[in-house]
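I started with the surroundings of the ligands and then turned to a few other spots.

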Amino acid sequence: MLTKYLAVPALLGMVFLAGCGSDDDRPDQPDPDLVAEGRKIFRFDTFGDEARWTDTLRMHEVIATQVSPATALAVGLKVDADALPPAVREGIKNGSVDLNSPHTTVTLLKLNAVVGVIGKVETVHGKDVLRRVGVTCALCHSTVDNSFAAGIGRRLDGWANRDLNPGAIIALSPALSTAQKAVYNSWGKGRYDPRFSLDGINGPVLIPPAYGLRGIHRITYTGDGDDVTYWNRYVAVTQMGGLGSFSDPRIGVHVRNGDVDLVGPKLPALRAYQLSLEAPPAPPGSVDAAAAARGALLFKGKGQCISCHGGEKFTDANLRLHPVSDVVSEQEPGGAPSYASRTATKQYRTTPLRGLWQHPPYFHNGSAATTAEVVARYNERKGLGLSAAEISDLAEYLKSL
Ligand code: HEC
Ligand code: HEC
């Protein structure tokens, strides 16, 4: 199993959980300095997770010998064009920078230009050597706008990187068994199983957006936490391998990495940044306005969507969660057990729908490829009696949110 963890006393766990309570005492619109600090953490802080990615998984060796920029882009890693000096930009354009050489990847890491991957590069006898590598939140929850080239552009924080194949990247590690590699290689693009390392079950979910969450007090697909901080601590410690502790008796998870806490002190700023990220509006001209207007009426009427997807964020998350029998996304693909059954609440949160156009496929397990497939699924499972034209109108409306 990938994660090494030590039990921490339950009492300690309670203390940590107490820190993740409701945010009544913490305003949802915090000060700009905290947001700016949180942005730095979101993009660049590894929380000391080099302990996992370098010391355990030896990804620095893999990157320096096998991962050219072309390979990195092919597994969905993104390059921050703003971090590239003019000479490198020019070299990429005119072909003098070799995108098929792992050396170039090391150069990009030295420039801090690979989104979500932080490398420590030392120059030895005039040659760049990659010593340490770690990952940040931006690895999964940022992408770029492709303004320079495919996969190279300006950062878009909070956008799920649905091109990223985290399993294929982890599977490159020489430290894993053949059986572990097979699991990681089975996940595919945009998917990650944030519980496999703890419960050994293989049932990946889509990387969700980290934007549009202000005012929503149930976090994750299953509403496990009442604040982003719950999940930030979970993922930073148990998945990224950051130094610090996470404990939740509801799922029997008690993890402590190292003797220092490089996670806890950063959570308030990290939270402020996430809550500042708005869902992106649909690009102008991308939606047929007349069809979407008809769809809006179906959303409230015949489709009955509003009964769960109500309010400004299109979710009843602050009021209730839903049993598995309410959702139309299960059975899980590949015969995996219900994702909800592996979580603290065993239920699903109604997903907020703003920015939906931006991140197909849909549902926690990606089982609907398009908004039309989503509506067709509801129509069939809930017996809504929508015509083909109505399905298409409602699907158009969903793309406008
Ligand atoms: C390896 C990929 C990966 C990394 C790195 C990662 N996440 Fe996630 N994140 C996920 C997945 C997958 C989920 C969905 C889990 C679930 O809902 O059960 C998720 C869920 C979330 C959610 C909940 C969204 C919602 O709709 O409730 C937030 C917020 C979030 N992540 C923020 C972060 C932050 C902050 C970091 C850095 C500390 C981070 N993530 C690092 C993959 C990742
Ligand atoms: C009984 C409550 C309920 C009703 C009614 C309902 N939904 Fe949902 N919806 C949910 C829940 C819960 C989820 C999360 C399921 C999952 O991720 O597997 C969800 C997920 C979705 C998603 C996926 C969002 C994403 O980012 O992956 C879309 C789109 C959606 N619903 C649209 C609709 C439409 C359109 C209707 C009406 C035809 C509708 N829903 C009716 C509760 C409901």
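Predicted model: local features only at pLDDT ≥ 70, side-chain atom pairs only at ≥ 80, totals over all residues.

**Entry 1: around ligand 2**

I sorted the shell around ligand 2 by class and got 14 nonpolar, nine polar and one charged residues. For this sorting, Ala, Val, Leu, Ile, Met, Phe, Trp, Tyr, Cys and Pro count as nonpolar, Asp, Glu, Lys and Arg as charged, and the others, Gly among them, as polar. Residues are numbered from 1 along each chain as its sequence is written, while chains are lettered from A and ligands numbered from 1 in the order in which they are written.

Which residues come nearest to ligand 2? I found Gly303, Cys305, Cys308, Ser329 and His364, out of 24 around it (near means a C-beta atom, placed from the backbone, within 6 Å). Helix H15 (371–381) and helix H16 (388–398) each supply at least two residues of this shell, and H15 gives the most, with three. Helices (H or I, at least four residues) and strands (E, at least two) are DSSP runs, numbered from the N terminus.

I located Cys305 in the loop between H14 and H15. Why is Cys305 counted as buried? Because it has 24 C-beta neighbours inside 10 Å; the cut-offs are 20 or more other C-beta atoms within 10 Å for buried, 12 or fewer for exposed, and partly exposed in between, with C-beta atoms placed from the backbone.

In H16, I listed Ile391, Asp393, Leu394, Ala395, Glu396, Tyr397 and Leu398 as buried. Their cover includes helix H14 (289–300) and H15, with contact meaning C-beta atoms, placed from the backbone, within 7 Å.

**Entry 2: around ligand 1**

Here I counted 26 surrounding residues, the closest being Cys137, Cys140, Ile219, Thr220 and Tyr221. Helix H8 (138–141), helix H12 (228–239) and helix H13 (267–276) are the elements that give two or more residues to this shell. H12 gives the most, with six. By class, I got 20 nonpolar, six polar and no charged residues around ligand 1.

**Entry 3: a hairpin**

I then checked strand E9 (residues 244–248) and strand E10 (residues 253–257), which pair in the antiparallel sense over five bridges (pairing takes at least two DSSP bridges). Ser247 has His254 in E10 as its bridge partner. The two strands form a hairpin with four residues between them, and Gly252 in the turn has a positive phi of about 65 degrees.

Key. Contact = placed C-beta atoms within 7 Å.
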